[in-house]
Amino acid sequence: FSFDTADNDAVISGEVDLNVYDAVFWSLGDESTVDETFNTSEQDLVTTYLKNGGYIFISGSEIGWDLDYKGSTADRDFFHNYLKVSYLADDSDSYSVNGAPGTIFDGLTIKFDNGSHGVYAEDFPDVLTTNGSDAVLKYATGQTAAVAYTGTVPGGTETARIIFMAFPFETIYNGSERKLLIGKVFDYFGLEAFDD
């Protein structure tokens, strides 16, 4: 499966056009209000991509804190209506998630770094609520850690697919768990990944 990697500046400048990709994997890591998780330009580009039926997997902490809790009206509109999620709380107080029964992640148990596994400490993974989407990952506390959505977005004419995860993908320190999770994402997007 061929892929490209780029930073957000290449997307903003137009050097990388999201609309030519079958799927986009957008990793925000540990960004928050200081780093601005999705600026206006990025929101516009992702919105257009989703209106055209794009498939996007987003992972990172404090995106909800930045866009929904601290954000502008436009930020909240993007978060609620285009990413199909809402913010509930700033810290899940959990470093383990389980796939919600009957969803794409059913049966998965995933652990991410609390600072003792050699990646980096994820100190504030957001707690989410659904907004037209389905809860697909739950923290060990029972709160929502990830949502998935299939359907059109406002102004869109094609079916988009969205998975939004409230902790950074790269903090999953077990390689087998990372592979299982991303394989399920590929399945949800209808993409076949190589199995090595």
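Biologist: How many aromatic pairs does the count come to?
Modeller: The count comes to 14 aromatic pairs, where rings of Phe, Tyr and Trp (its six-membered ring) pair if their centres lie within 6.5 Å, planes under 30 degrees apart being stacked, over 60 edge-to-face and the rest tilted. This is a predicted model, in which local features need pLDDT of at least 70 and side-chain atom pairs count only at pLDDT 80 or more, while totals for chains, interfaces and linings use all residues. Residues are numbered from 1 along each chain as its sequence is written, and side-chain values use heavy atoms, with hydrogens and water left out.

Biologist: And what sort of pair do W65 and Y87 form?
Modeller: W65 and Y87 are edge-to-face, with 6.4 Å centre to centre and 65 degrees between the planes. W65 lies in helix α3 (residues 63-69) and Y87 in strand β3 (residues 85-89), so the pair ties together parts that are 22 residues apart in sequence.

Biologist: Is Y87 buried or exposed?
Modeller: Y87 is buried, at a relative accessible area of 14%, where buried means under 20%, exposed over 50% and partly exposed in between (1.4 Å probe, protein chains only).

Biologist: Switching to helices, at what angle do α2 and α4 cross?
Modeller: The axes of α2 (residues 40-51) and α4 (residues 73-82) cross at roughly 25 degrees and come within 11 Å. That makes α2 roughly parallel to α4, a term for angles under 35 degrees.

Biologist: Which residues meet there?
Modeller: From α2, Q43, V46, T47, L50 and K51 meet A74, D75, F78 and Y82 of α4, contact meaning heavy atoms within 4.5 Å.

Key. Axes fitted to C-alpha atoms, helices over the stretch in contact; angles between N-to-C directions. Helix = DSSP H or I, 4+ residues; strand = E, 2+ residues; numbered from the N terminus. Parallel < 35°, antiparallel > 145°, perpendicular 65-115°, else oblique.
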